[in-house]
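I opened my notebook with the structure on the screen beside it. Here is what I looked up, entry by entry.

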Amino acid sequence: MKTLDLIASAISNTFRSKTRTILTILAIFVGAFTLTLTNGLGTGINAYIDDTVTSVGASDVLTVTKTAEFATGVAADGPVEYNPDAVASAQAGPPGSTVVALTPADLDTLAAIDGVLDVQASKSISTDYIQVGDGTKYVTNVGALVAGQIIQLEAGATPDDDADGFEVVVPVSYVEPLGFDESVAAVGQTLSIVLTDATRTQHTVEATIVGVAEEGLASPTGASIVPNDALTDELFTLQNTGVPADEVQRYAQASVFFDPQATDAEIAALKDRLADAGYTGSTVADQLGAFKTVIDGIVLVLNAFAVIALLAASFGIVNTLLMSVQERTREIGLMKAMGMGSGRVFSLFSLEAAFIGFLGSAIGAVVAIAAGTAISASLSDTLLSDLPGLNLIAFDPLSIVGVIVVIMVIAFLAGTLPALRAARADPVESLRYE
């Protein structure tokens, strides 16, 4: 019997006992459906995290602070000792926390560390309020983008750091309060930014709204406006009016650039050198790694339930094929009497098992894709509407093919015992079977 004839015969023999085969396929379907859906959940969430990585920073940048515990005024074991070098930081720690300030000398030290290509200080700015025209005044923060960050925009464009004019991006949550019907209407309008310097004098700076940032899991803006470099420098200068010259250049954190082609081992070595010099550095992977670890852990647990279902289904395959071997004993004897080798008989029943696995997994995968797509679309418009761009359940073609192949392998292994029994059957005894 040729290989193609063997495959055709295995497929046709699969449905000799339709009810038993269908029940076995349904058992496999449950496992395949669950496995495909949980894998899709992991793929969708991790893809969303990957898409928003650029909102946290470039992969070749370390966010560096001086090595020190964050202080909010009271520690777990009592009050925190005053540190004259501490500065407020809305980016490097919890709200209201402080870190030891980086000075120009620290920036020079960082630049001299082996593996550091460039150092850029992050300027911390505190405003009183923002306002459009004579409208309501709103409190806000000024977001200082870490080098390499990209703003996810709902309308407009990113501030041009090479422009001499003052440009700013506002978060979408501020659009209606500032008096605009929609995000597009805010683009091109003038925003007044008011801050107070060290002499208690208020300054007003007018900037053009060039974009509106959408909300997201890793949005760098949050409830903050994001200025271009020219506006940042102007606000920073005005804020420090009256501050002693030796205290102006004090920064909560800095961005340290390294070789984009650096390996994990080289990045770890750079972090060690920073630590030896008294600094702490973290990459985007460090900041988002915990998210992905939690998601992967949840998906792994859910996949475990799917595997249990598949193992249960494998017993159904064993039962189905053992019954098939018993019912076809005389047929097996006849095939062997006509010259069909034990290997071919084994292959015939193994192919039947693999085909049952293929049918159950393929149907389960197709139904899971349809259900997952519908669920994801529904959630995107309702519960997850505040996370634009999140496709909760996404399907990777390679992953789906992998699920189908794995289930076919499980089915093949489950069919090994019945196939061996058929292959070892004695043709004379089989022909005598009643």
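**Entry 1: Arg 200**

I started with Arg 200, which is exposed, with a relative accessible area of 68%. I keep in mind throughout that this is a predicted model. Tracing the chain, I placed Arg 200 in the loop between strand 11 (190-196) and strand 12 (202-213). I then checked the backbone: phi of Arg 200 is near 65°, which is a positive value in a residue other than glycine.

**Entry 2: Salt bridges**

Next I turned to charge pairs. Side chains of opposite charge can pair when their charged atoms come close. How many salt bridges does a search of the whole structure find? My search came back with two.

I took Asp 106 and Lys 66 to begin with; their side chains meet in a salt bridge at 3.3 Å, N to O. Asp 106 sits in helix 3 and Lys 66 in strand 1, so this pair ties together parts of the chain 40 residues apart in sequence. Buried or exposed, I asked of Asp 106? I noted Asp 106 as buried, because its relative accessible area of 7% falls under the 20% limit. Lys 66, at 24% relative accessibility, counts as partly exposed.

I then looked at Asp 233, which forms a salt bridge with Lys 123; their closest N and O atoms are 2.7 Å apart. This pair links distant parts of the chain, 110 residues apart. I found Asp 233 in helix 5 (residues 229-239) and Lys 123 in the loop between strand 6 (118-122) and strand 7. Asp 233 is partly exposed at 35% relative accessibility, and Lys 123 is partly exposed too, with a relative accessible area of 26%.

**Entry 3: Aromatic pairs**

A pair of aromatic rings is described by the distance of the centres and the angle of the planes. I counted four aromatic pairs. One of them is Tyr 138 with Tyr 174, with 6.4 Å centre to centre and 65° between the planes. Why did I write down edge-to-face for Tyr 138 and Tyr 174? Because their angle of 65° is over the 60 degrees that edge-to-face requires.

For cover, I logged Tyr 138 as partly exposed at 26% relative accessibility, whereas Tyr 174 is buried at 11%.

**Entry 4: Surface patches**

I went over the surface next. Which residues gather in a patch of negative charge? I listed Asp 160, Asp 161, Asp 162 and Asp 229. I followed up on Asp 160, which is in the loop between strand 9 (153-156) and strand 10. Asp 160 counts as partly exposed, at 36% relative accessibility.

I also came across a nonpolar patch on the surface, made of Val 401, Val 405, Val 409, Phe 412 and Leu 413. Together these residues have about 420 Å² of accessible area. I picked out Leu 413, which lies in helix 11 (residues 397-414). Leu 413 counts as exposed because its relative accessibility is 54%, and the limit for exposed is over 50%.

**Entry 5: Buried residues and contacts across the sequence**

- I found Leu 102 in the loop between strand 5 (98-100) and helix 3 (104-112). Leu 102 is buried, with a relative accessible area of 0%. Leu 102 and Ala 252 are 150 residues apart in sequence, yet 6.1 Å apart in space.
- I found Phe 349 in helix 10 (residues 342-381). Phe 349 is also buried, at 0% relative accessible area. In sequence Phe 349 and Ala 419 are 70 residues apart, and in space 5.1 Å.
- I found Val 64 in strand 1 (residues 61-66). Val 64 counts as buried, at 0% relative accessibility. Val 64 and Thr 283 are 219 residues apart in sequence, with 9.2 Å between them in space.

Notes
Residues are numbered from 1 along each chain as its sequence is written. This is a predicted model: local features need pLDDT of at least 70, side-chain atom pairs count only at pLDDT 80 or more; totals for chains, interfaces and linings use all residues. Side-chain values use heavy atoms; hydrogens and water are left out. Rings of Phe, Tyr and Trp (its six-membered ring) pair if their centres lie within 6.5 Å; planes under 30 degrees apart count as stacked, over 60 as edge-to-face and the rest as tilted. Buried means under 20% relative accessible area, exposed over 50%, partly exposed in between (1.4 Å probe, protein chains only). Patches are made of residues with over 30% relative accessible area and no salt bridge: like charges are joined within 9 Å, nonpolar side chains (Val, Leu, Ile, Met, Phe, Trp, Tyr) within 5 Å. Accessible areas come from the Shrake-Rupley method with a 1.4 Å probe; for residues, only the protein chains shown count as cover. A salt bridge is a side-chain nitrogen of Lys or Arg within 4 Å of a carboxyl oxygen of Asp or Glu. Lys and Arg count as positive and Asp and Glu as negative; His and the chain ends are not counted. The place of a charge is taken as NZ of Lys, CZ of Arg, CG of Asp or CD of Glu. Helices (H or I, at least four residues) and strands (E, at least two) are DSSP runs, numbered from the N terminus.
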